[in-house]
Amino acid sequence: MGDWIYLIVSIAVVGVLTLAGLLVSGRRKGQLPPSGGTDVIAPPPPTEGEAAVEAPPEPAVVTEEPAAPVLEKPEGTASRLVRLRQRLARSQGGLGQGLLSLLSRDRLDEDTWEEIEDLLLTADIGVAPTQALVEKLRTRLRVEGDRSSDVRSVLREELIELVGTDMDRRVQVTGTDGKPGVVLVVGVNGAGKTTTVGKIARILVAEDLTVTLGAADTFRAAAVDQLATWGERVGVEVVRGPEGGDPASVAFDAVKRGTDDGVDTVLVDTAGRLQNKAGLMDELGKVKRVIEKQAPVTEVLLVLDATTGQNGLIQARVFSEIVDVTGIVLTKLDGSAKGGIVVQVQRELGVPVKLVGLGEGADDMAPFDAAAFVDALLG
């Protein structure tokens, strides 16, 4: 009996010792961090003869400088005029070809002359200019003959005289006595006024003149942003003020900046609201007076949408009463426009069309030339 008890006790002791050894061995293989922190999974240590693998270095953070804006090179005046003449010939050939067709008939009777009058009136030339032109054509063709070979030259000469060759169509963009030229651009919203300012800036830059733009249409944030975009494209500074601010203050600052910087020309965009004629008159009058504390206004350009016809003439009358308009810019003189508006608006205001735009492209504007315009009309 005692032997059995001894045997059981011995087996128990051996079991306890074995279990203790296993616990110690396990502890050595996976001891907890002494700090009691969280376990971190790490790569196994390198075996003998194997080089330690270092963690790849973190890529360096490279801060790139913003790229300088790429300035556009505007199209020169010569090539611009050639392209505009071609486009005008394609879009306005209907009037010229219609007149040539009627005048080349074997017999010019009263019905034919009435058709000619109707065609001219449809082209927005106006009643008085139409009657004067028809009378001259009738006289000349009766005296000189109605041979078709002569019709084109006769019609060309009379149309050029009607459009006007004795008007000074130069845009005064430079000043005197060290002052910049100041061009005030007026017109109703929607006529393309702000776009016209940007396009004129491109023409001047192409002629190697320095320019500052004044965003004085402070009541339309879109106009200010639009003008800023035009300026960025050709590297021209734009002076702007707070939205809804005083337009005269912005115009004053723009001319002062241009004077201080010694630029050749300051172009000032203005508001064009016609809801309140008295308010518009006061505003534009104030803008001009404030500008002239810095430098004389050398040009006041009225922007008209050629597609508006008689409505455009009404607008022209209002602005001519408010400010001393010195020149007209006809925009959108494309396929939907009627070329005769050139004649009528000049007669209405007594000032010349100086610039003409035929499309939406950045360089689709050029100085107006009467002979080129008529040649384009005749195709």
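Trainee: Which helix is E117 found in?
Mentor: Helix α3, which covers residues 110-122. Keep in mind that this is a predicted model.

Trainee: Is E117 buried, exposed or partly exposed?
Mentor: Partly exposed, because its relative accessibility is 30%.

Trainee: What kind of charge patch does E117 belong to?
Mentor: A negative one on the surface. E117 gathers there with D111, E114 and D118.

Trainee: Why might residues a few places apart in a helix point the same way?
Mentor: An α-helix has 3.6 residues a turn, so residues three or four places apart point the same way.

Trainee: OK, what about the loop after that helix? Where is D124?
Mentor: D124 lies in the loop between α3 and α4, and α4 is 127-144. Its phi is near 70°, a positive value in a residue other than glycine.

Trainee: Why point that out?
Mentor: Most residues other than glycine have a negative phi.

Trainee: Which other residue has a positive phi, near 55°?
Mentor: D177, and that residue is not glycine either. D177 sits in the loop between α5 (148-163) and β1 (181-186).

Trainee: Are these two buried or exposed?
Mentor: D124 is buried, because its relative accessible area is 14%. D177 is exposed, because its relative accessible area is 77%.

Trainee: New topic. How many residues of helix α11 are buried?
Mentor: Seven of the nine, so α11 (residues 341-349) is largely enclosed by the rest of the structure.

Trainee: Which ones are buried?
Mentor: I341, V342, V343, Q344, V345, Q346 and L349.

Trainee: What comes just after α11?
Mentor: G350, with a positive phi of about 75°.

Trainee: And what does UniProt place at residues 352-365?
Mentor: An unreviewed entry there gives the feature "domain: SRP54-type proteins GTP-binding".

Trainee: How much helix and strand is in that stretch?
Mentor: Over residues 352-365 the chain is 0% helix and 43% strand. The end C-alpha atoms are 16 Å apart.

Trainee: Last one. Where is G379?
Mentor: In the segment after α12, and α12 is 370-378. G379 counts as exposed, because its relative accessibility is 56%.

Note on methods
Residues numbered from 1 in each chain as written. Predicted model: local features only at pLDDT ≥ 70, side-chain atom pairs only at ≥ 80, totals over all residues. Heavy atoms only, no water. Patch = residues over 30% accessible without salt bridge, like charges linked within 9 Å, V, L, I, M, F, W, Y side chains within 5 Å. Areas by Shrake-Rupley, 256 points an atom, 1.4 Å probe, with all protein chains shown as cover. Salt bridge = Lys/Arg side-chain N within 4 Å of Asp/Glu carboxyl O. Lys, Arg positive; Asp, Glu negative; His and termini not counted. Charge placed at Lys NZ, Arg CZ, Asp CG, Glu CD. Helix = DSSP H or I, 4+ residues; strand = E, 2+ residues; numbered from the N terminus. Buried < 20%, exposed > 50% of the residue type's maximum accessible area, 1.4 Å probe, protein only. UniProt positions renumbered as here; feature names shortened; annotations may be inferred.
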